[in-house]
Amino acid sequence: MGFWSLFEVASMPIVQVLLLSLLGALMATNYLNLLPADARKSLNKIVFMVFTPCLMFANLAETVTFKDLVAWWFMPINVGLTFLFGGILGWIAVKLLKPKPHLEGLIIATCASGNLGNLLLIIIPAICSEDGSPFGDHDVCSTMGLSYASYSMALGGLYIWTFSYQLVRSSALKYKALEADEEVSKVPNKDLDANGKTHLLEGEVQENVAIVVSSMTSTEEDTENQAVFSLIQIVPEMPGSQTEKGNASFWGNALVILRQLLEELLAPPTLAAIVGFFFGAIPWLKNLIIGDTAPLRVIQDSIKLLGEGTIPCITLILGGNLTQGLRTGRLKPITIIAVILVRYVLLPVIGIGVVKAAGSLGFLPSDPLYHYVLLIQFALPPAMNIGNPLP
């Protein structure tokens with residue numbers, strides 16, 4: 001295939017995504033008002049709870065075998081490397097840009113976390129449907145590609161909820177501590193006999209200020225234990241209580257990680273992926289629902305029908321959310337440029353080297369579509385999952 005033929009094949013899926021996103025953006029405007037914020041939120045819940053799990057289960061159960069699970073062992077490592085290199089580059093960007101403290105974790109998480117699920121579910125089938133696709137038969141390509149994308153989505157969720165979540169959570173806590181500090185500074189001093197010397201030289205500290213300092217200290221300890229790239233300086237404490245509080249913070253952080261990991265494992269898409277792996281890897285379970293002679297094939301057909309609603313709904317929601325983001329963007333342009341440089345220039349270059357090296361060492365199966373998915377994992381935009389951190 002010539003350059004322009006490959007360029008056309010590569011461009012068509014992006015054009016499809018842009019067209020559907022544009023339609024979603026128009027539907028979200030006040031003029032049409034078909035996808036307001038409440039409607040997008042409800043539709044997103046349906047996609048998360050029903051459509052996406054059905055799509056992941058249907059494709060994994062149909063295509064994955066135990067041999068495939070063994071052959072795909074490099075994908076978890078590849079996803080981990082995208083987070084590792086993205087986190088390092090994000091840390092360097094934070095050091096150079098010196099943003100506000102409560103934005104440091106968010107910037108690092110944005111550089112480290114790619115959209116390893118939703119966009120792959122959109123792009124891979126679109127590439128496979130092109131006549132000039134280099135990945136062979138349309139149906140086989142689409143089915144295997146969705147299996148790769150489903151596996152990638154499950155892995156991405158685990159990494160996001162164990163690594164990125166802690167970074168963004170620490171940023172949210174630091175932002176709340178900053179707001180509390182500002183509120184404290186606005187409280188008038190009712191002690192007529194007090195002055196600056198009383199508080200600064202004699203060491204008298206107001207109780208509410210001590211609460212803010214304690215909150216910020218706890219926040220920074222959480223971040224240091226959970227994310228190696230966050231830029232934190234621990235506030236000094238009294239020597240007698242430092243060890244005890246450190247141990248309590250360590251076990252508290254461990255419990256938070258375990259709880260979030262369990263929640264992610266029990267999330268509908270991840271749970272559907274796990275069940276799909278079991279059905280695909282165990283022949284007698286697979287024969288119950290997969291195939292023309294399967295006694296319960298109607299279940300698989302119904303699940304596939306529901307799963308087909310995932311891609312258009314996700315893309316429409318994406319377009320609707322972009323209009324809101326353009327109206328409420330608060331990051332400095334230089335920060336956005338830095339994230340774009342990391343996600344779309346530096347990481348893809350690193351990804352080419354990683355995948356080429358893994359292929360030359362014999363770590364990857366021969367399927368070119370699998371290699372392509374590994375490459376594109378390094379070139380995806382930031383994950384949407386980290387947009388709303390919870391305290």
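Author: Let us begin with helix H16, at whose start a side-chain oxygen of aspartate 367 comes to within 3.1 Å of the backbone nitrogen of leucine 369. Please bear in mind throughout that this is a predicted model.

Reader: Which residues of helix H16 are buried?

Author: An α-helix has 3.6 residues a turn, so residues three or four places apart point the same way. In helix H16, which spans residues 368–376, the buried residues are Leu369, Tyr370, Val373, Leu374 and Ile376. Histidine 371 belongs to helix H16 as well. Histidine 371 is partly exposed because its relative accessible area is 24%, and the term buried requires a value under 20%.

Reader: How is the arrangement of phenylalanine 83 and tyrosine 159 described, and where do the two residues lie?

Author: The pair is stacked, because planes under 30 degrees apart are counted in that way. Phenylalanine 83 lies in helix H4 (residues 74–97) and tyrosine 159 in helix H7, so that the pair links distant parts of the chain, 76 residues apart. The two partners can also be read by their accessibility. Phenylalanine 83 has a relative accessible area of 4% and is therefore buried, whereas tyrosine 159, at 27%, counts as partly exposed.

Reader: How many disulfides does a search of the whole structure find?

Author: The general idea comes before the case. A disulfide is a covalent bond between the sulfur atoms of two cysteines. In this structure the search finds one disulfide. The bond joins cysteine 128 to cysteine 141, with 1.9 Å from S to S. Cysteine 128 is in helix H6 (residues 118–128) and cysteine 141 is in helix H7, 13 residues apart.

Reader: Is the link of cysteine 128 and cysteine 141 left-handed or right-handed, and are its two cysteines buried or exposed?

Author: The link is left-handed, with -60° about the S-S bond. Cysteine 128 is buried, at a relative accessible area of 1%, and cysteine 141 is buried too, at 2%.

Reader: What is the value of phi in asparagine 33?

Author: Most residues other than glycine have a negative phi, and most peptide bonds are trans. Asparagine 33, though not a glycine, has a positive phi of about 55°. Asparagine 33 is found in the loop between helix H1 (3–28) and H2, and is partly exposed with a relative accessible area of 45%. Lysine 98 also has a positive phi, near 50°. The position of lysine 98 is in the loop between H4 and helix H5 (101–112), and at 66% relative accessibility lysine 98 counts as exposed.

Reader: How much space lies in the second largest pocket, and which residues lie nearest its centre?

Author: Rolling a probe the size of a water molecule over the atoms shows where empty space is left. In the second largest pocket that space is about 280 Å³. Its lining has 13 residues, and Leu55, Asn59, Leu146, Lys304 and Glu308 lie nearest the centre. The elements that each give two or more residues to this lining are helix H2 (37–63), helix H7 (138–186) and helix H13 (297–307).

Reader: Which element gives the largest share of that lining, and of what classes are the residues?

Author: Helix H2 gives the largest share, five residues. By class, the lining of this pocket holds five nonpolar, four polar and four charged residues.

Conventions: Residues numbered from 1 in each chain as written. Predicted model: local features only at pLDDT ≥ 70, side-chain atom pairs only at ≥ 80, totals over all residues. Heavy atoms only, no water. 1 Å grid on protein atoms, 1.4 Å probe; cavity = no way out; pocket = protein on both sides within 12 Å on 5 of 7 lines; lining within 4 Å. Points joined across faces, edges and corners; volume = space filled by probe spheres on them. Helix = DSSP H or I, 4+ residues; strand = E, 2+ residues; numbered from the N terminus. Nonpolar A, V, L, I, M, F, W, Y, C, P; charged D, E, K, R; others polar. Phe/Tyr/Trp six-rings, centres within 6.5 Å; stacked < 30°, edge-to-face > 60°. Buried < 20%, exposed > 50% of the residue type's maximum accessible area, 1.4 Å probe, protein only. Disulfide = S-S within 2.5 Å. Polar contact = N/O pair within 3.5 Å; in protein donor to acceptor, adjacent residues only side chain to side chain.
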